[in-house]
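Welcome, and thanks for opening the viewer. Could you walk me through this structure, telling me what to select next and what I will find there?

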Amino acid sequence: MLDLDDADRYDCVWLPSFFFGPEVLATTLPKIIAATLPGGQIVMAHYEPPPDPLPRTTMRLRTIRDGGSVLDADGAAELLRNVGCQDVHSLTRTWPIPFGFVTGQKA
């Protein structure tokens, strides 16, 4: 992602935030927006850990140790809004995997 230099090329970009550190996300989100077609979607995934404190803490630790970002839906939405995405919203979770998705549209 650090070398991304495409412009107005992609209809949809999948961004699993838990694989990228906060600095990488901050640096590359403007590049991702530039690479997305007007009206295109950015779908940011984030972990939604279980409510039990031990698995929640373990998931956080593993994500940080592996160099990823620990975001919740509000944090992911804020990142997308800060780079100019419109219609930013969380998808209603109907699946068993511990992921949440926040989507935004490039203006």
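Where in α1 does a kink of about 35° lie? Select Thr28: the kink is there, shortly before the proline Pro30. Keep in mind as you look around that this is a predicted model.

**The helix around the kink**

Now select the whole of α1, residues 22-35. Its 14 residues should span 20 Å at 1.5 Å a residue, and because its end C-alpha atoms are 20 Å apart, the two values agree. Next, colour Leu25, Thr28, Leu29, Ile32, Ile33 and Ala35, which are buried in this helix. To see what covers these buried residues, show β1 (10-16), β2 and α3 (73-82), which are among the covering elements.

**A stop in strand β2**

Move on to β2, residues 36-47, and pick out His46. Is His46 buried or exposed? Its relative accessibility is 2%, so His46 counts as buried. Beyond its neighbours within four places in sequence, His46 has contacts that include Ser17, Phe18, Leu71, Asp72, Phe99 and Phe101.

**The largest pocket**

For the last stop, select Tyr47, Pro49, Arg60, Val70 and Leu71, the lining residues nearest the centre of the largest pocket. This pocket holds about 180 Å³ of space and is lined by 14 residues. Show β2 and α2 (53-65) too, as each supplies at least two residues of the lining. The largest share, four residues, comes from α2. If you colour the lining by class, you will find six nonpolar, four polar and four charged residues.

Terms used
Residues are numbered from 1 along each chain as its sequence is written. This is a predicted model: local features need pLDDT of at least 70, side-chain atom pairs count only at pLDDT 80 or more; totals for chains, interfaces and linings use all residues. Side-chain values use heavy atoms; hydrogens and water are left out. Buried means under 20% relative accessible area, exposed over 50%, partly exposed in between (1.4 Å probe, protein chains only). Contact means heavy atoms within 4.5 Å. The expected span of a helix is 1.5 Å times one less than its number of residues. The bend at a residue is the angle between axes fitted to the seven residues ending there and the seven starting there. On a 1 Å grid over the protein atoms alone, a cavity is a set of points where a 1.4 Å probe fits but cannot get out, and a pocket is an open set with protein on both sides within 12 Å along at least five of seven lines; lining residues have an atom within 4 Å of a point. Grid points are joined across faces, edges and corners, and a volume is the space filled by probe spheres set on the points. Ala, Val, Leu, Ile, Met, Phe, Trp, Tyr, Cys and Pro count as nonpolar, Asp, Glu, Lys and Arg as charged, and the others, Gly among them, as polar.
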